[in-house]
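Here are a few friendly notes to read alongside the model. Please keep the 3D view open as you go through the points.

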Amino acid sequence: MAKVLVMHGPNLNLLGRREPDIYGYETLSDINDMLQKQAAAQGVEADFFQSNHEGALVDALQQAQIDGVDFIILNAAAYTHYSIAIRDAIAAIQVPVIEVHISNVHTREEFRHNSVIAPVVMGQILGFGIDSYYAAMAVALKKIKEKG
Ligand code: DQA
């Protein structure tokens with residue numbers, strides 16, 4: 001069975017309670033439930049991982065390669081903007097990664113405008129609220145189907 005790993009970085013465990021005017025009222029488990037159903041409808045397994053720790057996210061990226069994950073959907077949260085370790089881990093694995101953000105980072109503070117992971121991901125989807133994840137999953141499922 002094909003597998004998609006959905007990874008959430010720091011503070012995303014607080015979704016629903018964290019700055020809801022920016023990130024909305026849905027919780028992380030609401031998002032994961034939505035994605036799990038979306039994947040299951042296409043016969044694809046979805047796994048989920050959240051960590052507030054950079055090294056744990058690096059370990060999970062490396063492990064995804066070992067586990068034969070087909071696609072990664074990654075919201076690296078604040079690490080997006082400065083973690084060379086996460087960027088290098090993405091570059092080190094062959095699993096394609098879709099970068100996701102709930103908010104439109106380009107309309108926010110300047111320090112959010114740059115993504116150090118952008119050059120090593122397949123593409124970015126951002127600014128659509130939790131539908132950014134939905135769109136990323138749709139792309140991953142389509143690519144998996146095309147690959148056969
Ligand atoms: C975020 C945007 C980041 O700048 C921020 O640090 C986050 C969430 C988003 O999903 O909009 O924690 O990745």
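This is a predicted model: local features need pLDDT of at least 70, side-chain atom pairs count only at pLDDT 80 or more; totals for chains, interfaces and linings use all residues.

**Notes on the ligand and its pocket**

1. In histidine 101, a side-chain N or O atom is 2.8 Å from an oxygen atom of the ligand. For arginine 112, the distance from a polar side-chain atom to an oxygen atom of the ligand is 2.9 Å.

2. Next, the wider surroundings. The residues around the ligand are Arg18, Tyr23, Asn75, Ala77, Ala78, His81, His101, Ile102, Ser103, Val105 and Arg112. Sorted by class, this shell holds five nonpolar, four polar and two charged residues.

3. Where does the ligand sit? You will find the ligand in the largest pocket, whose volume is about 170 Å³. This pocket is lined by 15 residues, and those closest to its centre are Arg18, Tyr23, Ala77, Ala78 and Arg112.

4. Finally, the make-up of that lining: seven of its residues are nonpolar, five are polar and three are charged.

How values were computed: Residues are numbered from 1 along each chain as its sequence is written. Side-chain values use heavy atoms; hydrogens and water are left out. On a 1 Å grid over the protein atoms alone, a cavity is a set of points where a 1.4 Å probe fits but cannot get out, and a pocket is an open set with protein on both sides within 12 Å along at least five of seven lines; lining residues have an atom within 4 Å of a point. Grid points are joined across faces, edges and corners, and a volume is the space filled by probe spheres set on the points. Ala, Val, Leu, Ile, Met, Phe, Trp, Tyr, Cys and Pro count as nonpolar, Asp, Glu, Lys and Arg as charged, and the others, Gly among them, as polar. A residue is near a molecule or strand if one of its heavy atoms lies within 4 Å of it. A polar contact is a pair of N or O atoms within 3.5 Å; within protein, one must be able to donate a hydrogen and the other to accept it, and residues adjacent in sequence count only if both atoms are side-chain atoms. A molecule sits in a cavity or pocket if more than half of its atoms lie within 2 Å of its grid points.
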